[in-house]
Amino acid sequence: MFSGQSLAGTEIDSVQSADKAQFPAQYDSWAATEEQVEREDMLANYPANIILWAGSSFAKEYHSPRGHQFAVADVTHTLRTGVTPEAGTKGLSASCWTCKTPDAPRLMNELSVQGFSGKNFTDLGSEIKSVVYCTDCHVKGSEKLALPRPHAQDAMTKIHLPFDKQDTNMQGAQVCGQCHVSYYFQPESSNKVNIPWIFGNDADKIEKYYDTRRFYEWIHPISKTPILKARHPEFEHWSRSKHAKQGVTCITCHMPTTTDETGKEYTDHKVGNALEQFDKACSSCHRSKSKIENALERDKKAINKAARHVENLLVKAHYEAKAAWVAGASWPIMNEAIMAIRHAQWRWDFAMASHGLYAHNPQEGKALLAKATEQAELARSELAEILSKLEVKDVYYPDISTKEKAHQAIGISVEALTKEKQAFLKEEVEKNWSPITKRGYE
């Protein structure tokens with residue numbers, strides 16, 4: 001155990017009892033996120049994603065998010081976090097715990113940020129005792145908002161908008177935005193979480209940051225493209241939205257003010273779909289729920305259609321690049337095509353990795369996918385010329401019509417990974433980790 005040991009079970013119960021006594025309605029609504037159990041298998045829904053993410057852990061398993069109560073359990077059980085690495089080898093960074101639990105900031109204080117991120121994900125599993133909780137957003141025992149995660153503090157310093165200088169409205173959005181934001185693990189700093197906002201926080205400016213640093217997360221095993229990965233950029237999309245311009249934040253829509261049984265007002269902490277609480281969350285600005293639903297459905301259809309088109313273009317581009325490499329292509333003639341694949345996939349991902357894009361900023365989503373289409377078509381045009389010069393007449397495109405076929409195409413055995421994971425859960429997690437790591441799986 002570390003010097004500042006995690007709270008024991010009885011101590012956690014005591015803290016939670018105190019919070020429940022002080023903020024009963026908020027506490028009960030937070031606890032109700034355990035009711036939000038449904039999630040979708042996104043790789044089964046969109047098998048082309050497996051090809052686009054080939055070479056990364058995202059190709060193994062990717063589900064839509066669910067209630068905050070499942071944050072620790074879901075990251076523990078997913079195939080993406082794997083198992084305990086062999087002695088002397090490096091596994092997945094402990095940075096994967098950063099936004100799942102208030103134990104992460106505590107451990108960063110004890111170990112230093114780089115000391116924390118330099119640990120393996122599994123090294124700290126037994127230290128994780130709490131799911132997303134009050135102290136992730138508030139000063140302990142108080143309603144006062146807080147920003148406990150160093151990567152978020154650093155990001156606001158970069159853009160000269162420190163948390164303590166923000167108004168309450170912006171602080172509320174920023175508290176959510178410390179985790180609902182795109183980031184990467186900084187390799188030169190022991191894989192600590194970093195938000196790439198030096199030039200700005202839209203797709204173009206973040207891409208400029210990555211390209212300037214010649215950064216990539218992995219080399220795509222099919223096309224040899226240096227890939228960038230977007231991670232749920234909800235804060236970025238919201239910040240340029242019509243809602244943001246009107247001062248409407250995450251809290252306004254997803255945590256509306258409501259009343260308890262005594263008539264006392266409180267903020268609902270069962271973070272959920274705004275339309276499910278239309279009267280509380282939306283009606284002060286919108287008269288018709290059906291009108292909003294129709295607009296959302298229209299935008300969702302348009303975005304999904306564009307996304308599937310981009311995915312199809314990118315899958316073909318990856319395999320066309322492979323055919324060119326096999327035929328003897330060199331980097332000088334491949335560079336422009338490869339960079340076009342990189343930039344197209346980045347914009348596709350920056351749109352589709354954002355939960356709630358259809359509601360948060362559909363205009364930006366459509367623009368990103370339109371640009372991604374243009375770049376993917378450029379990549380394929382360049383590759384067609386290269387393939388012609390190399391006298392390649394046929395390109396092999398595998399059948400990826402199902403999740404299983406797509407996994408087979410890139411050599412992933414989900415059965416073997418699952419077997420390995422189940423053994424890890426039985427031998428390590430069930431014996432040594434907190435019961436919260438099993439929430440929703442019992």
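Threonine 76 is found in helix α5 (residues 71-77), where helices are DSSP runs of H or I of at least four residues and strands are runs of E of at least two, numbered from the N terminus. With a relative accessibility of 0%, threonine 76 counts as buried; buried means under 20% relative accessible area, exposed over 50%, and partly exposed in between (1.4 Å probe, protein chains only). Leaving aside residues up to four places away in sequence, threonine 76 touches Thr81, Trp97, Phe121, Lys421, Leu425, Val429, Trp433 and Thr437, a contact being defined as heavy atoms within 4.5 Å.

The model is predicted: local features need pLDDT of at least 70, side-chain atom pairs count only at pLDDT 80 or more, and totals for chains, interfaces and linings use all residues. Residues are numbered from 1 along each chain as its sequence is written, and side-chain values use heavy atoms, with hydrogens and water left out.

In helix α6 (residues 103-111), the residues Asp103, Ala104, Pro105, Arg106, Leu107 and Met108 are buried. The buried residues of α6 pack against α7 (113-117) and α8 (150-158). Serine 112 follows α6 and is placed in the loop between α6 and α7. Although serine 112 is not a glycine, its phi is positive, at about 80°. The residue counts as partly exposed, at 38% relative accessibility.

A positive phi, near 60°, is also found at serine 190, again a residue other than glycine. Serine 190 lies in the loop between β1 (184-186) and β2 (192-194). With a relative accessible area of 31%, serine 190 is partly exposed.

Overall, the protein has 20 helices and six strands. Its radius of gyration is 23 Å, close to the 22 Å that the globule rule gives for 442 residues, so the protein is as compact as a globular protein of that length; the radius is taken over C-alpha atoms, and the rule is 2.2 Å times the number of residues to the power 0.38. The C-alpha trace spans about 75 × 60 × 40 Å along its principal axes.

Of the 442 residues, 47% count as buried. Among contacts between residues at least 6 apart in sequence, 72% join residues at least 24 apart. The protein exposes about 21,600 Å², of which carbon and sulfur atoms supply 51%; accessible areas come from the Shrake-Rupley method with a 1.4 Å probe.
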